[in-house]
Amino acid sequence: MALGTAIRSAEVLVTSPDRNFVTLRVTTEDGVIGLGDATLNGRELAVVSYLRDHVAPLLIGRDAHRVEDTWQLLYRGAYWRRGPVTMSAIAAVDMALWDVKARLAGMPLYQLLGGASRTGALAYGHASGRDLPEVFDSVRRHLEEGYRAIRVQTAVPGITALYGVPAPSGSGTVRYEPAQRAPLPVEEDWDTRAYLRHVPGVFEAVRAEFGPELPLLHDGHHRMTPIQAARLGKDLEPYDLFWLEDCTPAENQEGLRLVRQHTTTPLAIGEVLNSVWDYQTLVREQLIDYVRSSVTHAGGITGLRRILDFAAQHQIKSGIHGPSDVSPVGMAAALHLDLAIHNFGIQEHMPHGRLTHEVFRTSATFSGGLLHPGDAPGLGVEYDDAAADAHPYQPAYLPFSRLQDGTVHDW
Ligand code: GCO
Ligand code: MG
């Protein structure tokens, strides 16, 4: 090993510009830096400890070039397998080492992953509203911003607060951010029957208003049983969705067989899954159409590429998770993969706020509906310590939901 590429330090950085982010910064003896995203929404400090107390000591002195060997060491060497905390920590190390390697090569990472397979990654934006006029306005605003594919979430009569619809702010331009800064999680309510009655009518209206071409997406956010999901998929068929996401909780992989039997609405699943093992039945039996795992929660570029290569053999495409809780570092990693892989489907885009961009200076661009990681060497993201230090960690949690009788439901 050339001494210069040995890892000299591995720092875990926590900042909360518009929201909390956890970043791993690896520095080699020669002073080359690599960044990795380790943000796990609502459980950030668990990953901080995992990385700082148990992973960083293993990295010191290792050759930063050994990406695969380090991945295997952290995956197999811990004895305990998988899970979001472990796989986010491994992801951060993996991204940071790929970043170092590409910076040393003087190339944007996508070049090392095989080079560009397309000019940019088709991105979808997030429209939502409390009623139809608000939904229409929000779709229109996204079209004006250049989006060529749009996810639509709607309030439902009888449900007070639900996933995907921002609380009224008065500004009309607020972006959806599911985590709320508070010492304890906020409670929301849920009623599946009310939701199933309301949603198809909203898509009927949106299709009628915006015509047949615009790709429309929708997120069921894990709340239906397989038979309820089957019904929604069927009811949405006339409106030709690009995908219906997380129609039923994904850990019950066999449950998707039932949904599949009943509907041709394309299905996207996986933002809470974190390894290729979580996709065995889903992919082998072709029960889904899009893989939704993020680079940040699924073992990094190495881990997610394993899933996507497996999916490619079954004509399943990527739909990499890109909510605001994936940092600009995790988003950059996603964009390099998007550009390089053959089975690209679509990329989620939930833009970060101004303060976040002051901490993470990214070379990524959005234009003509396409995201591109830029051509800076590495991932293309620089971390500004001074800007980060102005925003210390603040407790923030995802909400949870209860049914009318008080039963906890999937959020
Ligand atoms: C999405 C997701 C997010 C998640 C969030 C949880 O499709 O983008 O469902 O909005 O709820 O990432 O941390
Ligand atoms: Mg989702």
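**Figure 1. The whole chain, by its helices and strands.** Helices here are DSSP runs of H or I with at least four residues, strands are E runs of at least two, and both are numbered from the N terminus. On that count, this predicted model has a chain with 13 helices and 20 strands. The chain's radius of gyration comes out at 21 Å, close to the 22 Å that the globule rule gives for 411 residues, so the chain is as compact as a globular protein of that length.

**Figure 2. Where domain 1 touches domain 2.** The chain splits into domain 1, residues 3-111, and domain 2, residues 116-376. Their C-alpha centres sit 26 Å apart. Across the contact, 29 residues of domain 1 meet 35 residues of domain 2. On the domain 1 side, the elements giving two or more residues are β2 (21-28), β3 (33-37), α2, α3 and α4 (109-112). Helix α3 has the largest share of that side, with eight residues. Sorted by class, the domain 1 side holds 15 nonpolar, eight polar and six charged residues.

**Figure 3. Helix α2 against helix α3.** Zoom in on α2 (residues 67-77) and α3 (residues 84-105), and you'll find their axes 10 Å apart, at an angle of about 170°. Anything over 145 degrees counts as roughly antiparallel, and α2 and α3 are therefore roughly antiparallel to each other. From α2 come Val67, Thr70, Trp71, Leu74 and Tyr75, which meet Ile90, Val93, Asp94, Leu97, Trp98 and Lys101 of α3. By class, that contact is made up of eight nonpolar residues, one polar and two charged.

**Figure 4. The surroundings of ligand 1.** Which residues surround ligand 1? The list reads Asn41, Pro178, Asp219, His221, Glu271, Pro323, Asp325, Glu348 and Leu398. Split by class, this shell has four charged residues, three nonpolar ones and two polar ones.

Note on methods
Residues are numbered from 1 along each chain as its sequence is written. Chains are lettered from A and ligands numbered from 1 in the order in which they are written. This is a predicted model: local features need pLDDT of at least 70, side-chain atom pairs count only at pLDDT 80 or more; totals for chains, interfaces and linings use all residues. A residue is near a molecule or strand if its C-beta atom, placed from the backbone, lies within 6 Å of it. Ala, Val, Leu, Ile, Met, Phe, Trp, Tyr, Cys and Pro count as nonpolar, Asp, Glu, Lys and Arg as charged, and the others, Gly among them, as polar. Axes are lines fitted to C-alpha atoms, for helices over the stretch in contact, and angles run from 0 to 180 degrees between N-to-C directions. Angles under 35 degrees count as roughly parallel, over 145 as roughly antiparallel, 65 to 115 as roughly perpendicular and the rest as oblique. Two residues are in contact if their C-beta atoms, placed from the backbone, lie within 7 Å. Domain bounds come from an automatic or database domain assignment. The radius of gyration is taken over C-alpha atoms; the globule rule is 2.2 Å times the number of residues to the power 0.38.
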